Amino acid sequence: MEELETRRETFIMQRGDYQSLGASVQPHTPAMLPVDKNGEGRGDRLELAWWLTSADPVVTRVTVNR
């Protein structure tokens with residue numbers, strides 16, 4: 001699997017209808033998770049996966065509490 005050279009544009013679907021496109025959105029992780037502490041990360045699912053599998057004790061605590 002490879003990354004595309006340019007990211008395709010992604011939209012919010014109005015009422016779940018794929019033919020009714022709403023606002024354009026950018027990839028990012030949920031703001032409530034401290035995935036990117038310094039604001040320089042990628043902000044995508046891969047960064048979230050790296051954070052979930054890290055050795056940081058905060059991640060373990062957050063996962064157990066959820």
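Begin by colouring the chain by pLDDT. This is a predicted model, and confidence is highest in strand 2, at a mean of 91, and lowest in helix 2 (residues 57–65), at 76. Over the chain the average pLDDT is 79, with 88% of the residues scoring at least 70.

**Whole chain**

Switch to a cartoon view. Two helices and two strands make up the elements of the chain, and their order from the N terminus is β-β-α-α. The chain exposes about 6200 Å², of which carbon and sulfur atoms supply 54%. Of the 66 residues in the chain, 12% are buried. Contacts can also be sorted by their separation in sequence: among those between residues at least 6 apart, 9% join residues at least 24 apart.

**Threonine 10**

Select threonine 10, which is placed in strand 1. Show its surroundings next, leaving out neighbours within four places in sequence: threonine 10 is in contact with Ala23, Ser24 and Val25. For a distance label, pick the C-alpha atoms of threonine 10 and leucine 21; they are 9.1 Å apart in space, and the two residues are 11 apart in sequence.

**Arginine 15**

Move along to arginine 15, in the loop between strand 1 (10–13) and strand 2. Check its backbone torsions here: phi is positive, about 55°, although arginine 15 is not a glycine. The residue counts as exposed because its relative accessibility is 86%, and the cut-off for that class is over 50%.

**Leucine 33**

Go on to leucine 33, found in the loop between strand 2 (21–25) and helix 1 (45–52). Which class of accessibility does leucine 33 fall into? Leucine 33 is buried, since its relative accessible area is 19% and buried means under 20%. Display the residues that leucine 33 touches, again without those up to four places away in sequence: they are Leu48, Trp51 and Val62.

**The largest pocket**

For the last stop, run a pocket display. How much space lies in the largest pocket? The figure is about 810 Å³. Select Glu3, Arg7, Pro27, Asp44 and Arg45, which are the closest to the centre of this pocket among the 20 residues that line it. Finally, highlight helix 1, which gives the most to the lining of the largest pocket, with three residues.

Terms used
Residues are numbered from 1 along each chain as its sequence is written. This is a predicted model: local features need pLDDT of at least 70, side-chain atom pairs count only at pLDDT 80 or more; totals for chains, interfaces and linings use all residues. Side-chain values use heavy atoms; hydrogens and water are left out. Helices (H or I, at least four residues) and strands (E, at least two) are DSSP runs, numbered from the N terminus. Buried means under 20% relative accessible area, exposed over 50%, partly exposed in between (1.4 Å probe, protein chains only). Contact means heavy atoms within 4.5 Å. On a 1 Å grid over the protein atoms alone, a cavity is a set of points where a 1.4 Å probe fits but cannot get out, and a pocket is an open set with protein on both sides within 12 Å along at least five of seven lines; lining residues have an atom within 4 Å of a point. Grid points are joined across faces, edges and corners, and a volume is the space filled by probe spheres set on the points. Accessible areas come from the Shrake-Rupley method with a 1.4 Å probe; for residues, only the protein chains shown count as cover. pLDDT is the predictor's confidence in each residue, from 0 to 100.
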